[in-house]
Amino acid sequence: MSTVQQLPSKEAPPAAPQAIQNGRWAGFRHLLGARMLEMAREREIIFWIFIFPLLLALGLGFAFRNKPADKTTIAIVAGPEAQNTLSLIQNSAAHASIQAAIVDHKRAKDGLRLGKFDLVIEPLAPGRVQYDFDPARPESVLSHAEVDQALQSGAGRKDVLSTSIFTSSEPGSRYIDFLIPGLLGMNLMNSGMWGIGFALVDMRQRKLLKRFVATPLRRSDFLMALASSRLILMVIEVGLLLSFGALIFHIRVVGSVLAILLIGAIGAVSFGGLGLLTASRARKIESVSGLINLVMMPMWIFSGVFFSYERFPESAQLFIKALPLTALNDALRATILEGSSLASQSGRILVLVLWGGISFVLALRWFRWT
């Protein structure tokens, strides 16, 4: 018998596992997704970004809602002609809007000083009275004009000019119509500054940023991921606040929704860049809190959130209009209330782009991981 030798078969070596190839924007995408999950888990963020602006709009909307005109409160100094003066007011056509009382001289003066009375009338002689009021108080000036008209007409004066009154309370002319775009701009500023600046310093303080040094993640990708997270929230913020205003206060959105979203996106990125710049080197929460408040305080006061910035002196108008929140509020109001086109807001959009672009470049230059 012959023995057949069997040669061992040569098996092919196992194939080496293929390395996972990450694309250019893989780090950006993963960091953006992680940031969104982190914000979704923190309920206080949901409250301050979405619920608080609605509560603020609700409270201010009802506080400044359309209502009958306030009565003016006046005091008539007691004396021989006090009752006659009171009768003239009560017999006038404007008696329903005037609340008058006869009091002694000291009580009348104290009430005017403490704001209890808008106007004090002191009858000096038949057919002659003296008005005492504070010209720095708008309600006192209005009270003087209204009461003088009532007394003059009660004494027999006739108006030679025939006039008529037309009152307007249509959507677009009310305070709430002015307020909602301002609240929207303010909320984009708050969420951009606090949402990015606070989060960045918190990560630095907990040594989380230090771990990114050993990774191939680019500094620009990291900063862009933080700023881009505001864009997603911006869509929800704009839609929620405008829908709330339309349902509760019947605000009429005249402009294009796409233009409003685009302006909001530019504003969110602009304030995101400011937030990055503010927190680029801060190491403690206390430090970045002070810096953010320092940056936002002028815009809270001057940028026309709750009242028009036209009230400030002419010499300050150039500075006010250069602020990013002023440009954002003006662009939102023009688009929402007037239906202005996106092209007509190019100047205000340029202001936002310059603020955001310069802030991001400086933040990229000065940023440190530790």
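Trainee: Which residue in strand 2 does Val-77 stand opposite?
Mentor: Its opposite number is Val-103 in strand 2. Before we go on, keep in mind that this is a predicted model.
Trainee: Noted. How many bridges join strand 1 to strand 2, and do the two run parallel or antiparallel?
Mentor: They run parallel, with six bridges between them. Strand 1 covers residues 72-77 and strand 2 covers residues 98-103.
Trainee: What does the chain pass through on its way from strand 1 to strand 2?
Mentor: The chain goes through helix 3, residues 82-90. That makes a β-α-β crossover, and this one is right-handed.
Trainee: How many bridges join strand 1 to strand 3?
Mentor: Three, and that pair is parallel as well. Look at Ile-76: its bridge partner in strand 3 is Ile-121.
Trainee: Which residue has its C-alpha atom 8.4 Å from that of Gly-127?
Mentor: That's Ala-155, which is 28 residues away along the chain. Ala-155 is in the loop between helix 5 and helix 6.
Trainee: Is Ala-155 buried or exposed?
Mentor: Exposed, because its relative accessibility is 59% and the cut-off for exposed is over 50%.
Trainee: Switching topic: how many salt bridges are there?
Mentor: The count comes to five. One of them brings together the side chains of Asp-132 and Lys-109, at 2.1 Å from N to O.
Trainee: Where do Asp-132 and Lys-109 lie?
Mentor: Asp-132 is in strand 4 and Lys-109 is in helix 4, so this pair ties together parts that are 23 residues apart in sequence. Asp-132 is partly exposed at 22% relative accessibility, and Lys-109 is partly exposed too, at 28%.
Trainee: Which residue forms a salt bridge with Arg-113?
Mentor: Asp-110 does, with the closest N and O atoms 3.5 Å apart. Both residues lie in helix 4, three residues apart, or about one turn of the helix.
Trainee: Is Arg-113 buried or exposed?
Mentor: Arg-113 is exposed, at 61% relative accessible area. Asp-110, at 25%, counts as partly exposed.
Trainee: What about Arg-137 and Asp-118, how far apart are N and O in their salt bridge?
Mentor: That one is 3.2 Å, N to O. The pair links distant parts of the chain, 19 residues apart. Arg-137 is in the loop between strand 4 and helix 5, while Asp-118 is in the loop between helix 4 and strand 3.
Trainee: Are those two buried or exposed?
Mentor: Arg-137 and Asp-118 are both buried.
Trainee: OK, now the surface. Which residues make the nonpolar patch?
Mentor: Phe-47, Trp-48, Ile-51, Phe-52 and Leu-55 make a nonpolar surface patch of about 470 Å². Take Phe-52 as an example: you'll find this residue in helix 2, residues 43-63.
Trainee: Why does Phe-52 count as partly exposed?
Mentor: Because its relative accessible area is 31%, and partly exposed covers the range between the buried cut-off of 20% and the exposed cut-off of 50%.
Trainee: What is Thr-326 in contact with, leaving aside neighbours within four places in sequence?
Mentor: Its contacts are Phe-302, Ser-303, Tyr-309, Ile-320 and Lys-321.
Trainee: Zooming out, how many helices and strands does the protein have?
Mentor: There are 13 helices and four strands. The protein has 370 residues, and 39% of them count as buried.
Trainee: And what does the accessible surface come to?
Mentor: About 21,800 Å², with 61% of that belonging to carbon and sulfur atoms.
Trainee: Last one: among contacts with a separation of 6 or more, what share comes from residues 24 or more positions apart?
Mentor: 76% of them.

Note on methods. Residues numbered from 1 in each chain as written. Predicted model: local features only at pLDDT ≥ 70, side-chain atom pairs only at ≥ 80, totals over all residues. Heavy atoms only, no water. Patch = residues over 30% accessible without salt bridge, like charges linked within 9 Å, V, L, I, M, F, W, Y side chains within 5 Å. Areas by Shrake-Rupley, 256 points an atom, 1.4 Å probe, with all protein chains shown as cover. Salt bridge = Lys/Arg side-chain N within 4 Å of Asp/Glu carboxyl O. Buried < 20%, exposed > 50% of the residue type's maximum accessible area, 1.4 Å probe, protein only. Pairing = 2+ DSSP bridges. Right-handed = clockwise from strand over helix to strand, strands pointing away. Contact = heavy atoms within 4.5 Å.
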